[in-house]
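Dear colleague,

I am handing over the structure we spoke about, and below it you will find my notes on what turned up in it. Please read them with the structure open beside you.

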Amino acid sequence: MFLRSLHLLPRGALSSRLVPAIIATMVLLLTLASAAAIGIERSLASFQSELAGRYTVELPTAQTGAVDDETVARVVDLLAETEGVIAAEVVPAQTMQTLLEPWLGRDAAVGDLPLPVLIDIVATPGMTLDPAALAERIGKLVKGARVEAAVESLDEIGEIAGAVELSAYCVVALVAFCLAAVVVFATGAGLAAHHGIIEIVHQIGARDRIVAREFERRFLILGFVGGLIGVAVGAVAVYGFALYAQSLDSPFLPAMGDFMRALVPLLAIPPLVAALTTATAGLTVNRALRRLA
Amino acid sequence: MVRFDNVGMRYGVGQEVLRDISFDLPRGSFTYLTGASGAGKSSLLKLMFLAHRPSRGMIEILGRDLSRLPRQALPELRRQIGVVYQDFRLIDHMTVFDNVALPLRLSRTAEAEVRAHVDELLGWVGLADRTGATPPELSGGEQQRVAIARAVIARPRLLLADEPTGSVDPDMGDRLMHLFQELNRIGTTIVIATHDIAMMERHRAAVLRLVRGELSAGPLTAAGFGSTGFGGRPH
Ligand SMILES: Nc1ncnc2c1ncn2[C@@H]1O[C@H](COP(=O)(O)OP(=O)(O)OP(=O)(O)O)[C@@H](O)[C@H]1O
Ligand SMILES: [Mg+2]
């Protein structure tokens, strides 16, 4: 019954080119904002799992002077024997230099500076080490040794990313609101343009539902088609962006497949948009008709 | 059936265009509503088909007191009232067939039945070969016949027609009057607004006469247009 129409309105009554274009554009924005929110969330998750189980031991040199290779080797041995550690590796001086270059300059005589020794630890998956206890044990070999879990450095990034993600969802909500507002205006314009027909149908004894249904049908189709177009264009844009991001090969970014899988829920946008436009049109018509005695 | 008691009507905040209207039309009656142009015939019909609220007084249509009728009950009541507008008001994007079929479809009549009824009626009003045309492609007289067909298709209990023969030749006018009389015979109460005296003489019936917004206690009746029994006096 819902799809059976009496064709009370002329063909194409509400699809003046502008309305479908606006709906599709809104849905495109909706898709991009949602994809951004999901992308940020996935990036954070992937970075988190990347860093989980990673710790760094820092053997300071500031007061004690350079730590000799033998001591470093003993620390590495101690770590290797520690339960839950599967790998412990000294960060090579070369890498340290590369890391520090932006701060010290390429030609800085790194050898002259007593650089701290860094040892990367990988824990058995699923195991967490106690950085404080580990630091205490290493401290017996090298005074002032520090152990830091890599994830801790993620907390601030996580907070910023969370805020950006929240903003993205706010954009999604605002766009959805604007979409509903566009439908209210378009429905109002349709009611005004076809006022004569509505009056006649009303006089013949049509219930408000019948008239509302005519508008709902139009906006169901407009919402769904606009939704499909918007999501399709949005998907192409997001895929292009994902390909580009992938080429950067950054640990901040999730694996392509992972990201794409996370985007699957976006397929629900066209039906959701259709539901939104349909319900809005129906409510608008009902409200307007109630003013007609 | 249709009862007015001391009814007044105005458009917006303007003067009353109808004043002190009281009458009672029994079930199955056939009544002409006449009066000079601007006397208020169309306005009185609007009150009867629930398109306008009175500014005062009591109106009872098909036994229902309009002032006590909840809004949800109106569509049901309207379906029992057929209306022929002075300006036809057909739906331009629909074919003649669909315009006439609309009241039946709104009351969910089976499509086969719709087809049979509409074809038969369009044949009767001489439009059998125009069923696929749209109203803008029709002459004024043809549009008027479509409007009449739409008003009577669902066999309303009350038929209100505003100058329904104003745009057709006398022969077709007589044919349409026979249609109304036929409908009247099966029980429909009929009110026809007209100032076609010749037609009223050929097809005699009771007369309500409006003079500048008020019912006159009928000199026309005295002149012999059938008995009214209700001209100007409430029962
Ligand atoms: N929509 C309207 N708004 C304001 N005044 C109106 C409206 N329709 C009619 N009137 C006024 O109400 C009075 C009665 O008009 P109405 O149309 O009922 O007359 P009528 O008897 O049907 O005339 P006619 O024979 O020309 O159709 C007139 O003075 C007219 O100006
Ligand atoms: Mg009139």
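**The cores of chain B**

Leaving aside residues up to four places away in sequence, B:V152 touches B:L121, B:L159, B:L179, B:F180 and B:L183. Please keep in mind from the start that this is a predicted model. B:V152 is also one of the residues that touch the most other members of the largest nonpolar core, which has 40 residues, and the others in that group are B:F30, B:Y32, B:V118, B:L122, B:F180 and B:I192. Several elements of chain B give two or more residues to this core, among them strand 3 (30-35), helix 4 (111-124), helix 5 (140-152), helix 6 (170-185) and strand 8 (189-193). There is also a second, separate core of 35 residues, which includes B:F23, B:I61, B:L66 and B:L215. As background, nonpolar side chains tend to be buried together in soluble globular proteins.

**The magnesium ion**

Which residues coordinate the magnesium ion (ligand 2)? They are B:S42, through its OG atom, and B:Q86, through its OE1 atom, at 1.9 to 2.2 Å. The two come from distant parts of the chain, since B:S42 lies in helix 1 (residues 41-48) of chain B while B:Q86 lies in the loop between strand 6 (81-84) and helix 3 (96-106), 44 residues apart. B:S42 has a relative accessibility of 24% and so counts as partly exposed, and B:Q86, at 43%, counts as partly exposed as well.

**Where the chains meet**

In the contact between the chains, 23 residues of chain B are in contact with 24 residues of chain A. Together, chain B and chain A bury about 2,000 Å² between them, and 58% of that area is on carbon and sulfur atoms. Three residues, B:R71, B:R78 and B:L106, supply 32% of the area that chain B buries against chain A, which is more than any other three residues supply.

**Chain A**

Chain A has nine helices and four strands, and from the N terminus on its elements run α-β-α-β-α-β-α-β-α-α-α-α-α. Of its 293 residues, 42% are buried. Among the contacts in chain A between residues at least 6 apart in sequence, 86% join residues at least 24 apart.

Helix 6 (residues 195-204) of chain A deserves a careful look: seven of its 10 residues are buried, so this helix is largely enclosed by the rest of the structure. The buried residues of helix 6 of chain A are A:I197, A:I198, A:I200, A:V201, A:H202, A:Q203 and A:I204. After helix 6 of chain A comes A:G205, whose phi is positive, near 110°.

How many disulfides are there over all chains? The count comes to zero. A:C170 is in no disulfide, and the nearest cysteine sulfur, that of A:C178, is 13 Å away; a disulfide would need the two sulfur atoms to be within 2.5 Å. A:C170 is partly exposed, with a relative accessible area of 43%, and A:C178 is partly exposed too, at 34%.

**Confidence in the model**

The predictor gives the complex an ipTM of 0.85 and a pTM of 0.76. Chain B averages a pLDDT of 89, and 92% of the residues score at least 70. Over residues 219-235 of chain B, however, pLDDT stays under 50, and for this stretch the model has 34 contacts beyond four places in sequence.

With best wishes

Terms used. Residues numbered from 1 in each chain as written. Chains lettered and ligands numbered in written order. Predicted model: local features only at pLDDT ≥ 70, side-chain atom pairs only at ≥ 80, totals over all residues. Heavy atoms only, no water. Donors = N, O, S within 2.8 Å, 3.2 Å for Na, K, Ca; no water. Buried < 20%, exposed > 50% of the residue type's maximum accessible area, 1.4 Å probe, protein only. pLDDT = per-residue confidence, 0-100. Contact = heavy atoms within 4.5 Å. Core = buried A, V, L, I, M, F, W, Y, C linked by side-chain atoms within 4.5 Å. Buried area = accessible area lost by both parts, 1.4 Å probe.
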